[in-house]
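Hi there,

Here is the structure I promised to pass on. Please have a look, and below you will find my notes on what turned up in it.

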Amino acid sequence: MNVFTPYKKVNSWLFPSGQGLISNGINSAGIDTFSDVPINSITREGIQNSLDAKDSNIKEPVEVDFSLSYISSKEIPGVNQLCNEVLPAMRKKWSDSETAMNFFETYESVITKQKVPVLRISDYNTKGLAEKNWQSLIFVAGDSVKDDEASAGSKGIGKFAPFAASNLRMVFYHTISANEGERSIGVSQLVSYDKKDNEITQGPGYFSPELKNGCYQPMNEDLPFTIDRRIDQLGTDLLVVGFKSDMEWKNLIKMSVLSNFLISIWNEELIVKVEDEIIDKKSLNGLFTYFEKLDTDNKGKRNAFKVSDEFKDSLRAFKVLNNSDVKHYRLPDEMVNKYEFIDSAEDGHLYLALLDDSNRKVLQTRKSGMKINYKNGISGSINFFGIFQATGQKLNKFLKDIENANHDDWYVDRIFDKKKKANAKNFLKELRKFYKESVNEAFAVKNSEVMDIFGLNNLLTVQGNHTENNEEKSLNLEKKISELTIKKNESKKKVSNSKKRESKIIGTIFGGNDSEEKKRRGHERRETNGGKSSEPETSRNTIKRGAELTDIQVRIIEIDPKDGKYRVNIRSPKKRERIEIELQVTGENGVDEKVDINSFEIENAERFSDSSLLLKDVQKNRMITGTIKVNFDSRVRLGGKIYEVKK
């Protein structure tokens, strides 16, 4: 399809100018905000705008299409004016700015190329841009007019994302709305330059027939581009000229859609087309599978396509949506009764599920379904993943008001009124508390079985069935630890005694006494202090502990806690000749005690010490699985470390 076509020369690039204006340089804050990941930014911001413009009279979901075409540089509207007048004037004014001169070099190389990429973004089942929306999008900085007070955006920053994705900082807009009909205009977000009569331009320029009544008029005829949209088909089209295309641009857009708008697609409120590929609820499973395989195939390859951490979290959210045992919670009555911006428990929904591959987060979204962020710090032991969506109108408005410009977090500091600020702060605390309590209610006792224990350097509870005796020991331990906590504020001598007492308590609770523990340690092949052996040099094994490894994935799955039996899965991102896996248990007071391994059945494994195993010939990305039995018959907090082993 030919995007740009011959046209009558009734339009030209017009740059607002005047005397005494501030010069605008190359480092535009609005554009720089989206320059790091421009394709992701233009996808996220573009779709957000389309969702905000949904036509409520149409039942079908919003549709957003992405397509790429190439044009000759000669077809760019006003190209001769830009090359012969504007570019030399900009260079003259900013000759001392290395950053600006680098931009001008890129600008010239792109605008004079034989072929220039143009990304088109079109939405359907939307209302198009009414007059107030048109003015806000094209001519207003730092604000955005939305018809819905609970809309996804309103900060006026997202409008700069298309310019960050263009090497020319050039975008053409075309829209059809019910009252205003068809309108088009071009915008170039450039730098200021000097004109005659001591005037200076503001920076942005408009491809327009004229300035009339203080406004640059839209191109209402003889458009320099072709749009295959019926005149009665409302909606908006963006043409990003000089698009910063990438060989993987389609994959990058698709991954961004899955990462940012999973809930919108799942709720069938959004359909996205990337060229001829459709992203809708039916295609989600295939797309996630495709990217998982692509990520696996590209592991270890330089400059190969890699999936983002955001995508991996979105995949976890997708697994929650498909989980047959998903738990559904609504906002608690306490929050409904306390906050005036919550009308009912139905204003917020939390979905939780247990996952084998989980990093214990909650995906936070609002009414539009666009990802805001992932909330962590909910649980240190339960392998859950969650999704929270605020659906209430007033709740959405409240959250939108405290949302930052990038729409990726909620900040109470955005509120100036002290009372409202305190109220908002309490709400966010209680929302997090709601997450934690819901997770504990759903999984803390009967379902929390799969735990991460390695590579995190923290300790996580492996759950099993309590016995009355174990419960009593646990309560006694809590009481004793509480007493010890008070004594930690006393003199240094008492603190030392306290530590000895802690060790004694741990020995009593976990079996054995202090003297027995010392005896056991004396018979070990080595001590952990500095990795040095306690045996005579002549009797030492020729292999020794090396550096601690943090990149190896190890998971432990509870099989029978009464028998101390667990399944262990191990995967290393690179081949290693030997590694040591050491198990530890930690009490609530933070004292580490080694865990004796009674027996094990793991391929290529042998005992390294009472509390650790030696694994040989560990292959890259190959899953090693097996079982171990430890000397505990109750729920404990397991921890561990992995070390390289050298000869």
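The side chain of Glu580 makes a polar contact with the side chain of Ser612, at 3.0 Å. A polar contact here is a pair of N or O atoms within 3.5 Å; within protein, one must be able to donate a hydrogen and the other to accept it, and residues adjacent in sequence count only if both atoms are side-chain atoms. Glu580 is found in strand 24 (residues 576-586), and it counts as buried because its relative accessible area is 0%. Buried means under 20% relative accessible area, exposed over 50% and partly exposed in between, with a 1.4 Å probe and protein chains only.

A word on the source: this is a predicted model, in which local features need pLDDT of at least 70 and side-chain atom pairs count only at pLDDT 80 or more, while totals for chains, interfaces and linings use all residues. Residues are numbered from 1 along each chain as its sequence is written, and side-chain values use heavy atoms, with hydrogens and water left out.

Now the overall picture. The chain has 16 helices and 30 strands; these are DSSP runs numbered from the N terminus, helices being H or I with at least four residues and strands E with at least two. Of its 647 residues, 50% count as buried. Among contacts (heavy atoms within 4.5 Å) between residues at least 6 apart in sequence, 73% join residues at least 24 apart.

Ile200 gives an example of contacts across the sequence. This residue lies in strand 7 (residues 200-201) and is buried, because its relative accessibility is 9%. Ile200 and Ser23 are 177 residues apart in sequence, yet their C-alpha atoms are 7.4 Å apart in space. Beyond its neighbours within four places in sequence, Ile200 also has contacts that include Pro16, Leu21, Lys93 and Tyr193.

On to the inside. The largest nonpolar core has 63 residues, and Ile47, Leu119 and Leu270 have the most contacts inside it. Helix 10 (residues 309-321) gives the most to this core, with six residues. By nonpolar core I mean a set of buried Ala, Val, Leu, Ile, Met, Phe, Trp, Tyr and Cys residues joined through side-chain atoms within 4.5 Å. Leaving out residues up to four places away in sequence, Ile47 touches Val64, Phe66, Val257, Phe261, Leu270 and Val272.

In helix 5 (residues 131-139), the buried residues include Asn133, Trp134, Ser136 and Ile138. Their cover includes strand 5 (166-177), strand 6 (181-189) and strand 8 (204-208).

Strand 5 also holds Arg169. Its phi is near 50°, a positive value in a residue other than glycine, and Arg169 is buried, with a relative accessible area of 9%. Arg360 is not a glycine either, and has a positive phi of about 60°. Arg360 is found in the loop between strand 15 (348-354) and strand 16, and is buried at 8% relative accessible area.

Finally, which elements each supply at least two residues of the lining of the second largest cavity? They are helix 7 (249-260), helix 8 (262-266), strand 16 (362-365) and strand 17 (371-375). Helix 7 has the largest share, three residues. The lining residues include Ser259, Ile263, Thr365 and Lys371.

Happy browsing!

Definitions and conventions:
On a 1 Å grid over the protein atoms alone, a cavity is a set of points where a 1.4 Å probe fits but cannot get out, and a pocket is an open set with protein on both sides within 12 Å along at least five of seven lines; lining residues have an atom within 4 Å of a point.
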